[in-house]
Amino acid sequence: MPDLIIASVMTMMTAATPLMFAATGELICERSGVLNLGVEGMMLIGAVFGFATAAVTGNAPLGLLMAGVAGLLASLIFAALTLSLLSNQVATGLALTIFGTGLSALVGFDYVGETIDQIAAIHLPVLSDLPVVGRLLFGHDPLVYLSLGLLAAVAWFLSHSRWGMILRAVGDSDVSAHAIGYPVVLIRYAAVAFGGLMAGLGGGYLSLVYTPLWAENMAAGRGWIALALVVFANWRPERVLFGAILFGSITILQLNAQAAGLGIPAAFMSMLPYIATIVVLVLISRDAIKIRLNAPACLGRPFRAER
Amino acid sequence: MKYLVKLVVVMFAAVLSLGAITTASADKLKVGFIYIGPPGDHGWTYSHDQGRLMIDNMLGDHVETTYVEGVPEGPDAARAIAKLAETGHKLIFTTSFGYMEPTLKVAKRFPDVKFEHATGYKQADNVATYSARFYEGRYVQGQIAAKMSKSGIIGYIASFPIPEVVRGINAFMLGAQSINSNMKVKIVWAYTWFDPPKEADAAKVLMDQGADIITQHTDSTAALQAAAARGINAFGQASDMIQFAPDTQLTAVLDHWGPYYVKRTVDVLMGTWSPGDTWNGMGPGMVGMAPFTNMPSDIATMARETTESIRTGAFHPFTGPIYNQAGELVVAAGEVAPDFPMLATMNFYVQGIDDKLPE
């Protein structure tokens with residue numbers, strides 16, 4: 001029984017990790033006042049370029065790096081359109097998702113059915129062999145730690161660093177931030193780029209670690225879940241962690257319940273992750289004022305510097 | 001002036017010959033395929049595409065093939081099938097169970113087009129059905145699994161609760177029970193044919209719960225790879241997936257559609273096509289086994305012997321006594337389960353499966 005619990009927790013963490021990457025990036029993006037609905041598209045672009053790089057060079061870490069870079073470049077298209085050309089953020093974000101889905105399918109066409117050497121779980125002598133905590137603390141694949149580390153860094157950045165506060169100021173009142181003399185558009189460019197980088201890494205995690213293969217549309221809605229997670233988390237990093245793990249656990253637990261033969265209809269179990277998302281969103285939106293207090297005030301609004 | 005006349009004559013001739021060529025290619029029989037996944041899944045769709053390529057290779061002078069990939073089982077399927085029929089395809093293979101009703105619907109609208117539906121059971125004047133007896137291979141897999149497993153628990157990733165899949169689970173368990181009557185199976189229904197991350201999740205969960213052999217009735221290589229990452233033995237599906245798990249794949253049930261596709265295409269070319277149902281197994285070669293790898297030689301020998309006796313018809317995987325979960329005798333000792341209705345519509349688990357079949 002303890003073995004089952006440990007093993008299940010390990011599997012849940014792998015399910016939570018891609019969400020954590022993408023949601024952490026989107027959190028920074030939205031905190032700067034930009035709503036980028038293209039997460040799913042950027043994840044797919046990251047996944048396919050990461051996989052293609054790994055397949056061609058045989059170097060999975062390099063593939064991961066490329067996944068991040070590809071996501072970042074895709075997000076810059078979005079940034080140029082919305083921040084420099086002031087296009088509508090919602091429409092542009094949706095377009096980015098559609099573009100990403102198509103582009104990844106096109107690029108990935110030749111890589112369907114290829115194999116790569118996936119990034120394996122780490123194994124530290126002594127530490128990973130400790131009973132119970134050994135595997136739980138020291139037995140994941142390196143990217144689980146990377147995602148947790150980046151989330152912690154973002155949490156620290158937002159609440160304790162000068163630039164983090166400037167970023168929030170830009171998101172809460174672009175006009176004031178501009179009046180004080182901060183380069184609003186530049187800061188938003190950086191935030192969007194970070195979001196793209198993280199979404200790309202999340203996609204790379206899917207195609208390089210989760211299932212070391214490329215399949216069309218393999219993100220399968222995880223980008224949208226990451227977006228919902230940011231709202232769910234009320235734009236706070238520690239809640240992103242909680243939300244990602246919650247969602248990852250439900251995804252895995254419903255399969256666990258099936259495998260254990262608990263007799264609950266499988267079709268119902270498959271709905272659970274989505275029901276949970278809706279329930280949680282309903283619960284937190286009961287307190288509308290609190291949401292408004294936490295949401296970046298300028299979220300989704302275009303900004304043009306008046307001189 | 002002379003030159004001009006010459007030029008016109010030459011051009012006219014060129015246009016004529018061009019016309020001749022295009023009519024020649026229009027005379028080619030157009031054969032269409034509807035795929036549920038991408039041909040690169042290295043599983044189900046891949047093996048159908050290998051069959052299509054065999055038509056190209058053998059009948060390329062008379063036939064032109066087309067495929068539409070990733071067609072969901074639903075209203076979209078009817079549109080994709082109709083599109084092929086409208087564009088002059090005279091023989092259309094629809095290669096997934098869920099295309100059954102859409103195929104029949106479209107077939108009604110195009111009486112002069114021949115349709116072939118894989119794994120279904122409803123025929124019409126211009127709709128034939130065909131399938132392979134994959135369960136023969138799954139019985140062999142069950143025997144191997146029982147020999148190889150230390151935990152005594154098999155992890156089974158199923159797609160949809162349809163007769164085809166249920167038959168596979170039962171055959172697998174009958175094989176396993178023939179070696180060790182206490183073998184347990186844990187079943188996860190993925191409710192998809194092709195969703196690599198979900199297939200991998202299912203494999204991981206099954207391994208978490210103690211399964212040390214993974215088998216799948218979904219189409220991608222993800223489950224096999226997830227098992228390989230933990231050094232767990234697994235079976236490939238629909239084609240030899242050994243390159244995805246060189247140290248862990250035990251064998252795979254192979255689908256050989258090519259000969260059937262070529263035969264049916266020739267039938268249409270000769271005008272001798274007729275509807276009906278084809279359900280072939282190892283005997284006629286529609287089902288095969290990948291090499292028995294990553295197992296001791298005595299187990300490989302046993303697997304080869306079982307395969308051989310199924311192939312020659314000496315042994316049928318569904319030979320009684322077979323009991324259902326309620327303990328009722330459904331096939332008497334020494335008897336063989338009939339194709340119709342029992343095998344074709346199988347909707348019960350055999351005794352020893354500790355789970356409830358979804359509705």
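I worked with a predicted model, in which local features need pLDDT of at least 70, side-chain atom pairs count only at pLDDT 80 or more, and totals for chains, interfaces and linings use all residues. Residues are numbered from 1 along each chain as its sequence is written, and chains are lettered from A and ligands numbered from 1 in the order in which they are written.

**Helix H7 of chain A.** I looked up H7, residues 162-172. Helices are DSSP runs (H or I, at least four residues), numbered from the N terminus. I found Leu167(A), Val170(A) and Gly171(A) buried (20 or more other C-beta atoms within 10 Å of the residue's own, with C-beta atoms placed from the backbone). Down the axis of H7(A), the buried residues fall within an arc of 100°, so they line one face of the helix; the arc is that of the directions from the helix axis to the C-beta atoms. Their cover includes H1 (2-31), H8 (174-180) and H9 (184-210) of chain A.

**Domains of chain B.** I noted domain 1 (27-133 + 257-280) and domain 2 (135-255 + 290-343); such bounds come from an automatic or database domain assignment. Their C-alpha centres lie 28 Å apart. Domain 1 of chain B puts 16 residues into the contact and domain 2 of chain B puts in 15 (contact: C-beta atoms, placed from the backbone, within 7 Å). On the domain 1 side, H2(B), residues 44-59, gives the largest share, 4 residues.

**Chains A and B.** I recorded 31 residues of chain A in contact with 32 residues of chain B. On the chain A side, H11(A) gives the largest share, 6 residues.

Note on methods: Buried ≥ 20, exposed ≤ 12 C-beta atoms within 10 Å, placed from the backbone. Helix = DSSP H or I, 4+ residues; strand = E, 2+ residues; numbered from the N terminus. Contact = placed C-beta atoms within 7 Å.
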